[in-house]
Amino acid sequence: MEEIMTLKHTSVSYDGKPVLKDVSMGIRKNRIMAVMGPSGCGKTTLLRSLNGLLWEEPGAKVTGEVLLHGKNIKEMSTEEVRRQVGLVFQTPSPFPFSIYKNMSYALKYYGIRDKNKMDRIVKEKLQMAGLYEEVKEELGKSALKLSGGQKQRLCIARALTVEPDILLLDEPCSALDVRSTAVIEGMLARLKETYTIVIVTHNIAQAKRIADDAAFVFEGRLVEYGEAGKLFEHPQKEETKSFLEGIYG
């Protein structure tokens, strides 16, 4: 199965302190990969290394390679990497604009001016995020007035407007109730038909529900990764087994 993204001996340190240590793994196309591990293990750092965000952080040093479609992202422009690799943060952060302006912001940045085309894309992506029917009469309303679950789906829909190849999600359901979590999980199951998704989660049950592939990170190391069913049923490493049994996390 095709790997859309590959990490080769990727390490990250902050001010000389190792945070991610020699990670090598592949991310397969049109699948959901869940990156799991206890708090502070390097999950979010791993996610942020995939779209080059770490390059801009003071004191951060990234070594090794991150390949997108076989090309080192360091050889690509930051703009192109960000367009192809979308990132949605743990805390939903709509812009302090209307719902419509949130959705059209990146489209305008990339030069789309045709109102009909913009309207079509806004509607399509809100539908993909399962949000359109809830907000279609209120597109002029401030996005800051949406519920937590709606804000998260808006941020995901907004990330999709530029047609990324990969969507990175950092704990997208950590602050949401059971119903909102179920809505987002259902949405992700539909989105993988079009996009490749990498989700960081500390929630083992969630990973079991939605992941096709899974990776376990502990103390900055990639302990193991592979097909989710196999990893959950037959973990190869004692550290993975202990995490799945709730011994630490």
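User: How are helices and strands defined and numbered here?

Analyst: Helices (H or I, at least four residues) and strands (E, at least two) are DSSP runs, numbered from the N terminus, and the protein chain has 10 helices and 10 strands. The model is a predicted one, in which local features need pLDDT of at least 70, side-chain atom pairs count only at pLDDT 80 or more, and totals for chains, interfaces and linings use all residues. Residues are numbered from 1 along each chain as its sequence is written, and side-chain values use heavy atoms, with hydrogens and water left out.

User: How is a pair of packed helices described?

Analyst: Two packed helices are described by the angle between their axes and the distance between the axes. Axes are lines fitted to C-alpha atoms, for helices over the stretch in contact, and angles run from 0 to 180 degrees between N-to-C directions. Here helix α3 (residues 99-109) packs against helix α6 (residues 148-160) at an angle of about 30 degrees, and their axes lie 8 Å apart. The two helices, α3 and α6, are therefore roughly parallel to each other, a term for angles under 35 degrees.

User: Which residues of α3 and α6 make the contact?

Analyst: With contact meaning heavy atoms within 4.5 Å, Ile99, Asn102 and Met103 of α3 meet Leu154, Ala157 and Arg158 of α6.

User: What share of the residues in the protein chain is buried?

Analyst: Buried means under 20% relative accessible area (1.4 Å probe, protein chains only), and buried residues make up 51% of the 249 residues in the protein chain. The C-alpha atoms fill a box of roughly 55 × 40 × 35 Å, taken along the principal axes.

Definitions and conventions: Parallel < 35°, antiparallel > 145°, perpendicular 65-115°, else oblique. Buried < 20%, exposed > 50% of the residue type's maximum accessible area, 1.4 Å probe, protein only.
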